[in-house]
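Hi everyone, thanks for coming. Today I'd like to walk you through one structure, so please have a look at it with me.

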Amino acid sequence: CKENQMKRISYSQYSQWDICPYKWKLNYVDKLGTWTDSIHTLFGTSMHEVLQTYLTIMYNDTIKMANALPLDEMLLHRMKTNYTNIMKRNGGEVFCEQKDMEEFYSHGLLILEWFKKKRDMYFSKKHYELVGIEIPIDYELPNNIKFIGYMDVVLRDTFRDRYKIIDIKTSTMGWNKYQKADKNKTDQLLLYKYFYSKQLDIPIDKIDVEYFIVKRKLYENLDFPQRRVQTFSPASGTPSVNKVMNSLNQFIDESFVDGKHNTEREYIKRPSKKNCKYCEFNQTEHCDSGVK
């Protein structure tokens, strides 16, 4: 009974509140938001599935078997399947054009070709084992709240007895210094690290985190070779983890009462050029505080 009463939250929910509590309120309390799929989300999901399949075969079977996988055909199949599923879910509303599918697929082929050639720079079987793919985070928090999430890839270093949580991201041209410094973008793995430590009773200092970023495009006319993959590990020591946990607890304390949304609270607006740029409520009847 208690399980049914618990409110489930994800990182995306917390992330939205962290950017602008009022936007979170419009989306989750008032339920005014409208999610729209795009070629970016379709491609991201499809690339995740192909890379995760490769890593599963590589670690659970052999590298030779993984390299023999028809990755190009797999990507095409996943993109077509995900497109069909999204169209069904959206009642047939077209959300991307064929030219977009063809362009993103061609980028995906370049990513997969590069990844297969350079895979040993990022993933090795020597002293490493695959703990799992899409491992669930299912952690009870105060106020009848349950945090739900899924970790893309978790590896264990058998020599040093350490764990690594890897989150796969698709990006147009990789993360620049501003994106790397954006805590709203990088705090996800810090929370996953904390909850995974608690769930499995693993010392938190034995868990590393890494963003594995695949790039669709490369910069032109550069004098040095570029990589299709970028890895980034944000600061994830105790101070950094404690900071994001304190922020998450503030979100829960302010936004929920015994597992239900706090409808009595006045949620603040945080208008800025960055926060309002892609906000669907900006300059609408729901919010006139945004930046044009």
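First, some ground rules. This is a predicted model, so to speak: local features need pLDDT of at least 70, side-chain atom pairs count only at pLDDT 80 or more, and totals for chains, interfaces and linings use all residues. Residues are numbered from 1 along each chain as its sequence is written, and side-chain values use heavy atoms, with hydrogens and water left out.

Let's start with helix H9, residues 183-200. When I say helix, I mean a DSSP run of H or I with at least four residues, and a strand is a run of E with at least two; both are numbered from the N terminus. How far apart are the end C-alpha atoms of H9? They are 26 Å apart, which agrees with the 26 Å that its 18 residues should span at 1.5 Å a residue. That expected span is 1.5 Å times one less than the number of residues.

Buried here means under 20% relative accessible area, exposed means over 50%, and partly exposed is in between, with a 1.4 Å probe and protein chains only.

Now look at the two ends of H9. At its start, a side-chain oxygen of Asp-182 comes within 3.0 Å of the backbone nitrogen of Asn-184. That is a polar contact, meaning a pair of N or O atoms within 3.5 Å; within protein, one must be able to donate a hydrogen and the other to accept it, and residues adjacent in sequence count only if both atoms are side-chain atoms. After H9 comes Asp-201, with a positive phi near 55°. Asp-201 sits in the loop between H9 and strand S5 (207-215), and with 69% relative accessibility it counts as exposed. As background, most residues other than glycine have a negative phi.

There is another positive phi to show you. Gln-283, also a residue other than glycine, has a phi near 60°. Gln-283 lies in the segment after H11 and is partly exposed, at 38% relative accessible area.

Next, helix H10, residues 238-255. Among the buried residues of H10 are Val-244, Ser-247, Leu-248 and Phe-251.

H9 and H10 meet again at the second largest pocket. That pocket has a volume of about 150 Å³. Helix H2 (11-19), H9 and H10 are the elements that give two or more residues to its lining. The lining includes Tyr-14, Asp-18, Lys-183, Asp-187, Lys-243 and Ser-247. By class, it has three nonpolar, three polar and four charged residues.

On a 1 Å grid over the protein atoms alone, a pocket is an open set of points with protein on both sides within 12 Å along at least five of seven lines, a cavity is a set where a 1.4 Å probe fits but cannot get out, and lining residues have an atom within 4 Å of a point. Points are joined across faces, edges and corners, and a volume is the space filled by probe spheres set on them. For the classes, Ala, Val, Leu, Ile, Met, Phe, Trp, Tyr, Cys and Pro are nonpolar, Asp, Glu, Lys and Arg are charged, and the others, Gly among them, are polar.

How many cavities of 30 Å³ or more does the structure hold? One. The largest cavity has about 120 Å³ of space. It is lined by 14 residues, and Cys-20, Lys-23, Cys-276, Cys-279 and Cys-287 lie nearest its centre. Helix H3 (21-29) and helix H11 (273-276) each supply at least two lining residues, and H3 gives the most, with three.

With those cysteines in view, how many disulfides are there? Zero, taking a disulfide as a pair of cysteine sulfur atoms within 2.5 Å. Cys-276 has the sulfur of Cys-279 as its nearest cysteine sulfur, 6.4 Å away. Cys-276 is buried at 9% relative accessibility, and Cys-279 is buried at 16%.
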